[in-house]
Amino acid sequence: MQKAKREFFKKKLLKMRAAILDKAKKLKEDSYALGTDGIQDMADAASNAYNADILMSLSDNDLNLLKDIDSALDKLGGGTYGVCEECEEPITEKRLDANPVARYCINCQRVSEEKGT
Ligand SMILES: [Zn+2]
């Protein structure tokens with residue numbers, strides 16, 4: 001994959017990541033707004049810290065997505081981004097564009113879905 005493309009996907013992934021963390025912070029702030037011991041914690045929530053406490057507000061789906069994003073970013077750094085984890089063939093850019101955290105090519109994805117995993 002070309003460097004420009006990698007940069008493109010990196011930006012996309014970082015944006016997705018920021019959106020999830022933002023959502024987590026909002027969820028946390030909302031839950032504190034309903035509570036009684038909010039004042040001190042609101043200050044915490046306002047910081048940009050990425051901590052386990054904030055992540056606890058997220059659904060499993062969002063947490064999984066966050067993990068996928070982190071591993072995709074790892075792969076971008078290691079130069080294996082966009083390679084199918086199953087057959088090691090390149091994943092099409094069209095597919096990555098639609099789903100930047102895709103781990104498998106369309107064929108392997110289909111096979112795994114048919115198996116129900
Ligand atoms: Zn594959």
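Reader: Why does Phe9 count as buried?

Author: In this predicted model, Phe9 has a relative accessibility of 0%. The term buried is applied under 20% relative accessible area, so Phe9 counts as buried.

Reader: What makes the pair of Phe8 and Phe9 edge-to-face?

Author: A pair of aromatic rings is described by the distance of the centres and the angle of the planes. For Phe8 and Phe9 the ring centres are 5.2 Å apart and the planes stand at 75 degrees. Rings pair if their centres lie within 6.5 Å, and planes over 60 degrees apart count as edge-to-face.

Reader: Why is Phe8 called partly exposed?

Author: The relative accessible area of Phe8 is 37%. Partly exposed is the class between the buried limit of 20% and the exposed limit of 50%, and therefore Phe8 is partly exposed.

Reader: Why is the pair of Phe9 and Tyr81 called tilted?

Author: The ring centres of Phe9 and Tyr81 are 5.6 Å apart, with their planes at 50 degrees. Stacked requires planes under 30 degrees apart and edge-to-face requires over 60, while the rest count as tilted; the pair of Phe9 and Tyr81 is therefore tilted.

Reader: How do you know that this pair links distant parts of the chain?

Author: Phe9 belongs to helix α1 (residues 3-34), whereas Tyr81 sits in the loop between α4 and α5; the two residues are 72 residues apart. Both Phe9 and Tyr81 are buried. The structure holds 2 aromatic pairs, and ring pairs link Phe8, Phe9 and Tyr81 into a cluster.

Reader: Which elements make up the protein chain?

Author: The protein chain has 6 helices and 0 strands, and its elements run α-α-α-α-α-α from the N terminus on. Of its 117 residues, 29% count as buried. The accessible surface comes to about 8000 Å², and carbon and sulfur atoms hold 52% of that surface. Among contacts with a separation of 6 or more, 54% are between residues 24 or more positions apart.

Reader: Why does Glu88 count as exposed?

Author: The relative accessibility of Glu88 is 63%. Exposed means over 50%, so Glu88 counts as exposed.

Reader: Why is Glu29 called partly exposed?

Author: Glu29, which is found in helix α1, has a relative accessible area of 26%. That class lies between 20% and 50%, so Glu29 is partly exposed. The C-alpha atoms of Glu29 and Ile54 are separated by 9.4 Å, and the two residues are 25 residues apart along the chain.

Reader: Why is Ala102 called buried?

Author: Ala102 has a relative accessible area of 7%. Buried means under 20%, so Ala102 is buried. Ala102 is placed in the loop between α5 and α6 (106-115).

Reader: Which residues does Ala102 touch, not counting residues up to four places away in sequence?

Author: Ala102 touches Ile91, Arg95 and Leu96.

Reader: With which residues is Leu73 in contact, leaving aside its neighbours within four places in sequence?

Author: Leu73, found in helix α4, is in contact with Lys10, Leu13, Leu14 and Arg17. Its C-alpha atom is separated by 9.8 Å from that of Lys11, a residue 62 residues apart along the chain.

Reader: What is known of the largest pocket and its volume?

Author: The largest pocket has a volume of about 190 Å³. Of the 10 residues that line it, the closest to its centre are Asp68, Val101, Arg103, Tyr104 and Gln109. By class, the lining has 3 nonpolar, 4 polar and 3 charged residues.

Notes: Residues numbered from 1 in each chain as written. Predicted model: local features only at pLDDT ≥ 70, side-chain atom pairs only at ≥ 80, totals over all residues. Heavy atoms only, no water. 1 Å grid on protein atoms, 1.4 Å probe; cavity = no way out; pocket = protein on both sides within 12 Å on 5 of 7 lines; lining within 4 Å. Points joined across faces, edges and corners; volume = space filled by probe spheres on them. Nonpolar A, V, L, I, M, F, W, Y, C, P; charged D, E, K, R; others polar. Buried < 20%, exposed > 50% of the residue type's maximum accessible area, 1.4 Å probe, protein only. Helix = DSSP H or I, 4+ residues; strand = E, 2+ residues; numbered from the N terminus. Contact = heavy atoms within 4.5 Å. Areas by Shrake-Rupley, 256 points an atom, 1.4 Å probe, with all protein chains shown as cover. Phe/Tyr/Trp six-rings, centres within 6.5 Å; stacked < 30°, edge-to-face > 60°.
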